[in-house]
Amino acid sequence: MPSPQVLTTALDFPIATRWLSRSVTGFPGTRRAARNVEESEGGQQDSELKLPNIVSLCIVLCTSALLQVSFFIIVSSSNEYAQHLGGTSTFSGLVIGIPTVFSGLALIPLMKLDQGVYNRPLHFACGSAVLGHVLYALAYKANFLYMVLVGRIVSGFAFTFWMYAKRYCSDARIVGIRRRTTLAGWLVLGQGIGFSLGPFVGGVLYKIGFSNPVFNGFTSPAWIMAGIWTAWWIFTAMFFKDVPIVPPPSTEFELRPIRVPKNQGIDATDSVSQKEAAETNDPERQRTEVFTVESETVVEVTQAENSRMSAPQWGVTATMCWFAMTCFFILGAWESNIPVFTGSSSPLSPFHFSPFAAGNLIALGGACTFPFLFLNVLLAKRYQDRNTLALGTSLGTAGLLIALAILSTETVNYGSLFICWFLVALGFNLASTVTLSLLSKQLPAHWNTRISLAIQYSNYIGRATGAVWGGAGLKVGMLSYVGTQIAIVGVGVVMFSVLWRELKAKTG
């Protein structure tokens with residue numbers, strides 16, 4: 001009697017594989033099929049865990065971190081610099097936030113020239129960073145307020161690479177689905193380095209002063225960053241290895257099983273199989289792909305070629321975009337507000353800080369988040385993205401509520417303000433880790449460019465409006481300043497609470 005053979009199509013389903021291995025392990029044909037399944041699953045696992053060239057990955061991550069330093073290094077002294085040139089605190093907030101507006105405007109034309117790879121955007125970012133810092137520094141010698149703004153606008157063109165860094169870390173051609181949140185965690189760790197190291201270095205250089213019309217406390221951060229970017233540009237030109245110019249695979253995303261009643265299973269499956277076979281001319285696709293579990297038949301249908309998003313997918317996308325905006329709105333607001341608030345004569349502020357002291361406060365809060373952000377990188381493969389989002393939002397909201405309480409009771413001191421800033425920095429940096437990685441796991445791989453762009457524009461909106469809002473915090477009132485942030489977070493909490501089931505995604 002011939003050994004019973006098992007349909008290879010059935011072995012594509014993990015449940016069927018386990019049932020067969022328990023029920024018919026004694027048959028030679030089944031053992032061969034089981035071995036084939038194990039090899040297939042091993043290949044799929046390898047695909048889910050793949051990583052790009054390590055040197056190129058490190059260049060992308062370090063470039064993103066350097067951009068963060070460039071963005072924040074002027075935060076400590078921008079208020080004083082703007083006032084020295086005849087500007088206001090609100091104008092200094094505009095100086096901090098304006099780069100993201102022009103970065104967003106530059107993204108669309110740049111994407112028409114990037115050929116789906118990363119070399120050109122990387123060189124464009126390095127060149128723009130060098131020129132932008134030089135213009136920012138020369139504004140002091142020229143004694144021209146708006147030259148500061150022009151320099152930051154040119155630097156904004158460099159910040160286009162933030163989108164490419166996010167896209168690189170979720171690109172299905174080079175990054176497996178179970179690596180994306182981990183790489184996003186590394187990006188956020190670099191983000192933490194930028195928003196703590198930048199203000200600290202800027203504050204130190206301001207304190208040193210350098211009484212020189214060209215190289216002084218206001219301009220030295222920009223001159224130093226221009227030199228660093230020049231050296232980095234040479235390094236990246238020598239060692240960065242780009243990805244192949246090929247379209248990304250269109251089928252790597254999390255599939256939700258479609259459950260079909262048993263009495264309809266054969267017809268539904270035959271219809272799907274015949275349609276796929278007609279499209280691919282592959283005889284193997286004509287086999288029945290059905291197995292029975294209790295009273296239902298489970299059929300997984302690849303929907304990557306479907307260009308229409310379902311209502312839950314639209315909801316998840318909107319939620320992630322909202323949180324991408326919220327995180328950077330609040331982080332940007334606090335970064336620009338701390339030097340203004342702590343250096344003011346407001347009755348709520350007992351500090352009268354210099355830019356150096358304000359930079360130290362920002363840097364200390366950021367530095368204290370490092371161990372937790374690094375721990376998040378290590379634990380990303382164990383916890384779902386939606387749990388990370390909920391935890392980060394809770395921590396950040398706790399910081400905002402404490403800030404509202406100490407401002408309303410006029411009990412602000414160094415310790416209480418530091419606790420608020422630490423919780424805000426940790427929570428919203430943590431929440432920003434998952435916005436793109438979660439979407440990349442739920443949507444087709446060939447949509448990666450579009451979702452990267454949507455998330456990046458949300459980040460830009462948050463950075464620009466947050467920086468201006470932080471600079472205007474004293475004018476609008478500190479209670480209104482914090483209360484608005486709480487309201488924005490509240491909208492996001494409602495969104496992810498309603499869509500909690502839909503936010504489930506693979507870990508890693």
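## Overall architecture

The chain contains 19 helices and three strands, where helices (H or I, at least four residues) and strands (E, at least two) are DSSP runs numbered from the N terminus. The model is predicted: local features need pLDDT of at least 70, side-chain atom pairs count only at pLDDT 80 or more, and totals for chains, interfaces and linings use all residues. Residues are numbered from 1 along each chain as its sequence is written, and side-chain values use heavy atoms, with hydrogens and water left out.

Of the 508 residues in the chain, 54% are buried; buried means under 20% relative accessible area, exposed over 50%, and partly exposed in between (1.4 Å probe, protein chains only). The accessible surface comes to about 21,800 Å², and carbon and sulfur atoms account for 63% of it. Accessible areas come from the Shrake-Rupley method with a 1.4 Å probe; for residues, only the protein chains shown count as cover. Among contacts (heavy atoms within 4.5 Å) between residues at least 6 apart in sequence, 83% join residues at least 24 apart.

## The nonpolar core

A nonpolar core is a set of buried Ala, Val, Leu, Ile, Met, Phe, Trp, Tyr and Cys residues joined through side-chain atoms within 4.5 Å. The largest one has 121 residues, and Trp229 and Trp334 have the most contacts inside it. Helix H12 (residues 311-342) gives the most to this core, namely 15 residues.

Leaving aside neighbours within four places in sequence, Trp334 is in contact with Leu400, Ala403, Leu417, Cys420, Trp421, Val424, Tyr481 and Gln485.

## Aromatic pairs and charges over a ring

The structure holds 26 aromatic pairs. Rings of Phe, Tyr and Trp (its six-membered ring) pair if their centres lie within 6.5 Å; planes under 30 degrees apart count as stacked, over 60 as edge-to-face and the rest as tilted. Tyr81 and Tyr136 form an edge-to-face pair, with 5.2 Å centre to centre and 75° between the planes. This pair links distant parts of the chain, since Tyr81 lies in helix H4 (residues 75-84) and Tyr136 in helix H6 (residues 119-142), 55 residues apart. Both Tyr81 and Tyr136 are buried.

At Phe71, the charged end of Arg152 sits over the ring, 5.3 Å from its centre. Arg463 also lies over the face of Phe71, at 4.9 Å from the ring centre. A charge sits over a ring if NZ of Lys or CZ of Arg is within 6 Å of the ring centre and within 35 degrees of the ring normal.

## Helix H4

Helix H4 is mostly covered, with seven of its ten residues buried. Tyr81 is one of these buried residues. Just after H4, Gly86 takes a positive phi of about 100°.
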